[in-house]
2 protein chains.
Amino acid sequence: MKKFIGRVDNLVHDSAQGLVLAHQDMLALSVDPLFVHRRHPKQGRVAIVSGGGSGHEPLHVGYVGTGMLDAACPGQVFTAPHPDQIVAAARHVDAGQGVILIVKNYPGDRLNFDMASEMLPVEHAIVLVDDDVAVDHSTHATGRRGIAGTVIVEKMVGAAAEAGASLTQCQAIGQRVNACTASMGVAFSSCVVPDAAAKTFEIGPGEMEIGVGIHGEPGRYRRNVMPAEDIVSLLLDSILKDLSLTAAREVLLHVNGFGGTAQIELHLLNKLATLALAERGLQVKRWLVGNNTTSLEMAGASLTVTALDDELTSLWDAQVVTPTLRW
Amino acid sequence: MKKFIGRVDNLVHDSAQGLVLAHQDMLALSVDPLFVHRRHPKQGRVAIVSGGGSGHEPLHVGYVGTGMLDAACPGQVFTAPHPDQIVAAARHVDAGQGVILIVKNYPGDRLNFDMASEMLPVEHAIVLVDDDVAVDHSTHATGRRGIAGTVIVEKMVGAAAEAGASLTQCQAIGQRVNACTASMGVAFSSCVVPDAAAKTFEIGPGEMEIGVGIHGEPGRYRRNVMPAEDIVSLLLDSILKDLSLTAAREVLLHVNGFGGTAQIELHLLNKLATLALAERGLQVKRWLVGNNTTSLEMAGASLTVTALDDELTSLWDAQVVTPTLRW
């Protein structure tokens, strides 16, 4: 296995420390239990906590900061965070107005966030993200999986909280963003989980996995690699069928790299997807292109479409100051 | 070859269009000759133009914007931009105070920027970047190569220009930053150049290339993969020997991923390198961690150290609004 791994393998803790060192103007660290939180606590507002398995960075730790998360709890690679982390993070950031817990729809994450919820002595509400339209059930999930659309949910709920929305309003915003967000991806290669030291799956030299999950778990089917235009059409057809948008709607387009695909290819996908949406009568008004929700070093990408209205557009445009998103 | 490639292969143009679509609030595109430039031209200031082969994104196109580049000229993958692109970009962004051309030290780039310089009817000066301490000559370069330190030079020269420095002052800043910046990297895997459709080099399952260049060209030697602490020591020893820093100096540390290494590993490297510098009596005051100068999807990373003084620190801290750096 060729990775940067320390002599004593403590990757998740060491990496969180490295992140916080580089962004100590805005971030601080709790080492035990492990969570990353804002250096300057939010006052008198609903707090937002998320978390999940490591290996998807910058999700979630790279989205802590003004206008987005108050804290993020990284589990071991592809493993849900412990309930103790979630409880400690939520208690730490609660500013008296309650806490929103944003959870990707995987059994391990749901179980541990539910356990945390039962133990948590502060008012809170859960927002579940399940934007992946590829499969209803997979090796990793019951029901639809939460993938790259999580970033859109975290951004918009974070903006609502920053603007003073109540706990109930923040939860409603999160549920609404999740409902009007749909994603699907393809993978060209597998990732290697450090502890496993072996590829998560095998894939032939000319094949791609369509509808892959962000842990490299199977999607819908395999097919030979196609021209980028055809991949974009295939993904958008599934996404738009799910969203059932009427004509002339405005959308946010998120092109997300899984970690091992060059940025030059992601921007090619962005051009092709923007044009393909226009051909389908949808105007892209906002864009996010980058490695925002990764599967370690897996090669591939997903497309995410969020239907916009004035409220969601202004939540997207609101100020955000995190290590990853900043405007 | 598994990559996102359009039916008609026009990757460099299409990708530039995708980038500009996603950032149309700050960027605009010239299609023929191809260059990316600021949507809102700078007035009465020195303009900064850079460029080089594609495949290193976000370098250079992702650094166009307030406080950094005025324009960037992407060549084909790993191929210098044509002199016509450079001349057109420099003429377009010149605001009457002259143009700085920032060039990485590769023969193709130097030749084409020199040809552009001869044709360019506006006042201008060249800043050459050669921060890679690994080798004095390589298959790709005569003299030291320009690698991840280029981003530091572009940021600081851009800040000087934005603050009203003259052409001569901007050139002097650029030369000074280059002189006090040193870099070196290691690769675990090769990249695949789209047109070549084959790996640039072969490397054994347990090996790493130490001192690799950003085109996957050979470095100093190969060795079996070591713990991350030992890789960091090996790189920093060469970097600090080159910089000849006296004790107690303050530095900027840039951990740069080559594209195919997970962000969780880059932040581990950041922690280890920050500690290793402290053990050597150097205090890291500023950090940049990310895939900032890539070699397509090559796995590996480089470390860059810049000796800071008050002037360089304030140039680093100055406002920057580009697709990639933003503060």
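**View 1. The loop between β1 and β2 of chain B holds B:Pro33.** Helices (H or I, at least four residues) and strands (E, at least two) are DSSP runs, numbered from the N terminus. The model shown is predicted: local features need pLDDT of at least 70, side-chain atom pairs count only at pLDDT 80 or more, and totals for chains, interfaces and linings use all residues; side-chain values use heavy atoms, with hydrogens and water left out. Residues are numbered from 1 along each chain as its sequence is written, and chains are lettered from A and ligands numbered from 1 in the order in which they are written. The peptide bond between B:Asp32 and B:Pro33 is cis, with omega about 0°. β1(B) and β2 (residues 35–38) of chain B pair in the antiparallel sense over 4 bridges, where pairing requires that DSSP finds at least two bridges between two strands. B:Ser30 is opposite B:Phe35 of β2(B).

**View 2. Six strands of chain B form an open sheet in the order β1-β2-β4-β3-β5-β6.** Its pairing is mixed. The edge strands, β1 (27–30) and β6 (124–129) of chain B, each pair on one side only. Neighbouring strands of this sheet are turned by 25° against each other on average, direction ignored; axes are lines fitted to C-alpha atoms, for helices over the stretch in contact, and angles run from 0 to 180 degrees between N-to-C directions.

**View 3. An open sheet of 6 strands in chain B has the order β9-β8-β7-β12-β10-β11.** Its pairing is mixed. β9 (221–224) and β11 (283–290) of chain B are at the edges with a single partner strand each, so one side of each has no neighbour in the sheet. The twist from one strand to the next averages 20°. Strands β7 (residues 181–187) and β8 (residues 207–210) of chain B run antiparallel and are joined by 2 bridges. In this pair, B:Val186 is opposite B:Ile210 of β8(B). Helix α8 (residues 310–317) of chain B lies across β10 (250–257), β11 and β12 (300–307) of chain B, at about 30° to β11(B).

**View 4. Helix α8 (residues 310–317) of chain A has buried residues A:Leu312, A:Thr313, A:Leu315 and A:Trp316.** Seen down the axis of α8(A), these residues fall within an arc of 160°, so they line one face of the helix. The arc is that of the directions from the helix axis to the C-beta atoms. Buried means under 20% relative accessible area, exposed over 50%, and partly exposed in between (1.4 Å probe, protein chains only). The buried residues of α8(A) pack against α4 (149–162), α5 (167–179), β10 (250–257), β11 (283–290) and β12 (300–307) of chain A, contact being heavy atoms within 4.5 Å. At the N-terminal end, A:Asp309 caps α8(A), with a side-chain oxygen 3.1 Å from the backbone nitrogen of A:Glu311.

**View 5. Loops of chain A contain A:Pro58, A:Ser244 and A:Leu296.** Most residues other than glycine have a negative phi, and most peptide bonds are trans. The bond from A:Glu57 to A:Pro58 is cis, with omega near 15°. A:Ser244, between α6 (228–243) and β10 of chain A, has a positive phi of about 45°. A:Ser244 is exposed at 55% relative accessibility. A:Leu296, between β11 and β12 of chain A, has a positive phi near 50°. A:Leu296 is buried at 1% relative accessibility.

Notes: A polar contact is a pair of N or O atoms within 3.5 Å; within protein, one must be able to donate a hydrogen and the other to accept it, and residues adjacent in sequence count only if both atoms are side-chain atoms.
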